[in-house]
Amino acid sequence: MRRTHRPARPARPAAVARLAALAAVTGLAALTAVTGCGKQGSPPAKGPRADALPAYRVNRDFSLPASATWSAAHRRGRLVVGVKDDQPYLGERDPATGTYSGFDIEIAKMMAVSLGFAADRVQYKPIASANRETALSNGQIDYYVGTYTINALRKKQVGFAGPYYMAGQGLLVRKDEKDINGPQDLKGKKVCSAAGSTPIQRIERDYPDATPVTYDTYSVCVDNLLTYQVDAVTTDDSILLGYAAKAPNEMKLVGKPFSKEPYGIGLAKGDTALRGALDDAIVAHERDGDWKKAYAATLGLSGVPAPVPPPVDRY
């Protein structure tokens, strides 16, 4: 694991002290998971304001006997939904209250009410990225919502509804950064990401003039960004938006995404009835404004306006 020992540029002591204090206050020093390819850590404490989150109407007349998953959940009296619990403003658990919040949590709620389950009939179950396919295949969870990129390999093991969000690799920089406006400006810059992750491999491959810096978790990268030890942090832009939402006056995303990561809702392979119902629910909640309201209350706090949702792929 490579680390930097010298600041990327001289920093005023007062600025460093202020930003370090900010990191501690906002919870950025908490160890967050490396999405899809890393270690989990402690969840950050801060989350979206509960009173700003939209309310969703339960479809109490819904029935889907053709779906074995839905039928089992109906008999059980609740849905069990796999999520992430340590991604700021996407899927995180407040350690004090046990409450889950974030954009992915809101998507999970939208799906639940469309399937006939009220919010208090949903049990969230944190599942590590490496265990998602197993959890879906053996029935540990009914569906999974947690920055889950749809790709051909995964579709051989599980089903996907959606996509409901198009993420892409992005760059997070300090708010006062003027020289970095996209990956083309990374020559000689220290770019931080998770050790062994796809994002840092892409930087090493496509932008060899950049200086890669790696740590076990993205939160350490963010801490080092705030204290001027690296120049940029890179991973999925959705995850970076969550960090920016915690400190919008100190950090920002720059440039356009330079990969495509369509986020889908994972479910048991072969349950086409449930996949169709979830696809319908995604479209309905996009059309009625719920999707946009949920984004505004979570990732939208970063200052980045809601993007246009990607078209649902009814494969």
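Ring pairs join Phe103, Tyr164, Tyr165, Tyr263, Trp291 and Tyr295 into a cluster. The model is predicted, so local features need pLDDT of at least 70 and side-chain atom pairs count only at pLDDT 80 or more, while totals for chains, interfaces and linings use all residues. Residues are numbered from 1 along each chain as its sequence is written, and side-chain values use heavy atoms, with hydrogens and water left out.

The structure holds 12 aromatic pairs, a pair being two rings of Phe, Tyr or Trp (its six-membered ring) with centres within 6.5 Å, called stacked if the planes are under 30 degrees apart, edge-to-face if over 60 and tilted for the rest. Two of these pairs are set out below.

| Pair | Centre to centre | Angle between planes | Kind |
|---|---|---|---|
| Phe103 and Tyr164 | 6.4 Å | 45° | tilted |
| Trp291 and Tyr295 | 6.1 Å | 10° | stacked |

Because Phe103 lies in helix H3 (residues 103-114) and Tyr164 in strand S7 (residues 158-167), their pair ties together parts that are 61 residues apart in sequence; helices (H or I, at least four residues) and strands (E, at least two) are DSSP runs, numbered from the N terminus. Phe103 is buried at 1% relative accessible area, and Tyr164 is buried at 0%, where buried means under 20%, exposed over 50% and partly exposed in between (1.4 Å probe, protein chains only).

Trp291 and Tyr295 are four residues apart in helix H10 (residues 290-297), and about one helical turn therefore separates them; both residues are buried.
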